[in-house]
Each structure stands twice: as structure tokens, then as C-alpha cells.
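I opened this model to look up its charged pairs, its sheet and its aromatic rings. My notes follow in the order I made them.

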Amino acid sequence: MTLDERAEGAHDWLDVVLDHEKADVFEKRVRAAVTSVVDGENANVSSLAIILSGHETVRSLNVKYLEHDYETDVLAFDLSEDGEAIDGEVYVDIDTALEY
């Protein structure tokens, strides 16, 4: 299956939020990668949001929730109830990721 086919076949539970000027470049790849991992692991997912953002958003969340006053490439928040399907948010700092 090609990248485009996998991205187009993404599931209803996946939401990719484009909150960065360069984020649209990565949307298909993110959808395809997440779908591939979830399908490969046979994971039960109710809702998963991947937010493609920048330094300001991710750093402010890092400070607010983890009390880390520095940039990071990814923050993940598990919003699931015990024993239930995966429900979460993953914030990707496009600016930090592009530095590597």
C-alpha cells in the first residue's frame, strides 16, 4: 500500500491538526505513519489528535503541564480512562523537528 493510499484510508478516530505554516507538508505522512502503527499493533483507539505546531505552543504546554521550561520535539497526553480505548493528544513541534 502506498503512502497516499494509507493516508486516504485513515480512520475516523484520527485527527491531524495543522497549527503551523509548514504543517501541511507533513499531514499525509503523519496520517499514514500513525495509521500504520495503530493497525500494526492492533490497538484499540477511540480518539487520537496529532497537533503539528511550533515552538511557542509546545513550549507553553511543556511549562504548564510538565514544569519544563525548554523546547521539546514531542509532547504526548494520555486522556484515556483505565482499561478503555486509547484517547490522547500528541503535540509535535515542527520547528524543533526540522532542526534535526
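**Salt bridges**

I began with the charged side chains, and I find Arg59, Asp69 and Glu71 linked in a network of salt bridges. Before going on, I note that this is a predicted model, where local features need pLDDT of at least 70, side-chain atom pairs count only at pLDDT 80 or more, and totals for chains, interfaces and linings use all residues. Residues are numbered from 1 along each chain as its sequence is written, and side-chain values use heavy atoms, with hydrogens and water left out.

My cut-off for a salt bridge is a side-chain nitrogen of Lys or Arg within 4 Å of a carboxyl oxygen of Asp or Glu. How many salt bridges does the structure hold? I get three.

I took Arg59 with Asp69 to start. Their closest N and O atoms are 3.2 Å apart. This pair links distant parts of the chain: Arg59 sits in helix H3, Asp69 in the loop between H3 and S3, ten residues apart. Helices (H or I, at least four residues) and strands (E, at least two) are DSSP runs, numbered from the N terminus.

Then I looked at Arg59 with Glu71. Here the closest N and O atoms of the salt bridge are 3.9 Å apart. Glu71 is in the loop between H3 and S3 and Arg59 in helix H3, so this pair ties together parts twelve residues apart in sequence.

I also checked accessibility. I call a residue buried under 20% relative accessible area, exposed over 50%, and partly exposed in between (1.4 Å probe, protein chains only). Asp69 is exposed at 55%. Glu71 is partly exposed at 36%. Arg59 has 30% relative accessibility, so I log Arg59 as partly exposed.

The remaining entry is in helix H2. Arg31 forms a salt bridge with Glu27, with the closest N and O atoms 3.2 Å apart. Both residues lie in helix H2, four residues apart, about one turn of the helix. Is Arg31 buried or exposed? Arg31 counts as buried because its relative accessibility is 17%. Glu27 is partly exposed, with 23%.

**Sheet and helices**

Next I traced the strands. Two strands pair if DSSP finds at least two bridges between them. I see an open sheet of four strands in the order S1-S2-S4-S3, with mixed pairing. Strand S1 (14-18) and S3 are the edge strands, each pairing on one side only. The twist averages 15° from one strand to the next.

Strand S2 (residues 45-53) and strand S4 (residues 86-93) run parallel, joined by eight bridges. I picked out two of the partners in S4: Val45 has Ile86, and Leu52 has Val92. Strand S3 (residues 74-78) pairs with S4 in the antiparallel sense over five bridges. There, Ala76 has Val90 of S4 as its bridge partner.

For the helix angles, axes are lines fitted to C-alpha atoms, for helices over the stretch in contact, and angles run from 0 to 180 degrees between N-to-C directions. Contact means heavy atoms within 4.5 Å. Helix H2 (residues 27-41) lies across S1 and S2, at about 155° to S1. Helix H3 (residues 55-66) lies across S2, S3 and S4, at about 125° to S4.

I stopped at Thr57, which lies in helix H3. What does Thr57 contact, leaving aside neighbours within four places in sequence? I find Asp19 and Tyr91. The C-alpha atoms of Thr57 and His20 are separated by 9.9 Å, and the two are 37 residues apart along the chain. Thr57 is partly exposed, at 27%.

**Aromatic rings**

Last, the rings. Rings of Phe, Tyr and Trp (its six-membered ring) pair if their centres lie within 6.5 Å; planes under 30 degrees apart count as stacked, over 60 as edge-to-face and the rest as tilted. By this rule I count two aromatic pairs. Tyr65 and Phe77 have ring centres 5.4 Å apart and planes at 70°, so I log the pair as edge-to-face. Tyr65 is in helix H3 and Phe77 in strand S3, so this pair ties together parts twelve residues apart in sequence.

Phe77 also forms an edge-to-face pair with Tyr91, at 5.9 Å centre to centre and 85° between the planes. Tyr91 is in strand S4 and Phe77 in strand S3, so the pair ties together parts 14 residues apart in sequence. Phe77 and Tyr91 are both buried.
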